[in-house]
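Hello,

Here is the structure for you to look through. My notes on it follow below.

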Amino acid sequence: MYRRGQSVSSRYLVLHSFPREDDPEGAPRLGLAVPRAVGSAVVRNRVKRLLREAWKSLLQSIPPGRDYVLAARPGLAETAEVRGLEWLAGEVSELVGRAGS
């Protein structure tokens with residue numbers, strides 16, 4: 001599946017992007033991958049909540065007709081806690097922009 005799409009990355013995130021063949025004009029969908037290397041279950045769940053919140057804040061600017069998988073890398077939890085949700089939303093926005101359509 002990952003061969004059909006493209007990916008872009010930053011220090012703490014990887015964004016995989018795929019065209020939606022079943023619904024080319026449908027709303028963008030998000031999948032999250034937060035591995036154990038990011039932290040304990042509590043930390044991973046907090047990271048997922050933050051990523052969902054950042055995604056929702058950007059939803060109006062994300063192009064339709066694509067599926068996205070956002071994968072966290074180790075160190076994201078600590079950095080997001082220090083820098084905040086605005087920083088995280090900016091990181092996700094930058095990756096979406098680089099992924100194009």
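Which elements do the buried residues of H1 pack against? They pack against S2, S3, S4, H2 and H3. Buried means under 20% relative accessible area, exposed means over 50%, and partly exposed lies in between (1.4 Å probe, protein chains only). Helices (H or I, at least four residues) and strands (E, at least two) are DSSP runs, numbered from the N terminus.

On the source: this is a predicted model, in which local features need pLDDT of at least 70, side-chain atom pairs count only at pLDDT 80 or more, and totals for chains, interfaces and linings use all residues. Residues are numbered from 1 along each chain as its sequence is written, and side-chain values use heavy atoms, with hydrogens and water left out.

The sheet

The model has an open sheet of 4 strands in the order S1-S2-S4-S3, with mixed pairing. Two strands count as paired if DSSP finds at least two bridges between them. At the edges are S1 (6–9) and S3 (29–33), each of which pairs on one side only. Neighbouring strands are turned by 20° against each other on average, direction ignored. Axes here are lines fitted to C-alpha atoms, for helices over the stretch in contact, and angles run from 0 to 180 degrees between N-to-C directions.

Going along the sheet, S1 and S2 run antiparallel and are joined by 4 bridges, with Ser7 opposite His16 in S2. The hairpin between S1 and S2 goes through 3 residues. S2 (residues 13–19) pairs with S4 (residues 66–72), also in the antiparallel sense, over 7 bridges. Pro19 stands opposite Arg66 in S4. S3 and S4 pair in the parallel sense over 5 bridges. Ala71 in S4 is the bridge partner of Val14 and of Ala33.

S4 is mostly covered, with 7 of its 7 residues buried. Arg66, Tyr68, Leu70 and Ala72 point one way, while Asp67, Val69 and Ala71 point the other way. In a regular strand the side chains alternate between the two faces of the sheet.

Contact means heavy atoms within 4.5 Å. H1 has 18 residues and reaches 26 Å from its first C-alpha to its last, close to the 26 Å expected at 1.5 Å a residue; the expected span is 1.5 Å times one less than the number of residues.

The buried residues of H1 are Arg44, Val47, Leu50, Leu51, Ala54, Trp55 and Leu58. Seen down the axis of H1, they fall within an arc of 135° (taken from the directions from the helix axis to the C-beta atoms), so they line one face of the helix. On the other side of H1, Val42, Lys56 and Ser57 are exposed.

H3 (residues 85–99) lies across S1, S2 and S4, running at about 40° to S2.

The core

The largest nonpolar core has 26 residues, of which Leu13, Leu15, Val47, Leu51, Leu76, Leu88 and Val92 touch the most other members. Such a core is a set of buried Ala, Val, Leu, Ile, Met, Phe, Trp, Tyr and Cys residues joined through side-chain atoms within 4.5 Å. Leaving aside neighbours within four places in sequence, Leu51 is in contact with Leu13, Leu32, Val34, Leu70, Leu76, Leu88 and Val92.

Regards
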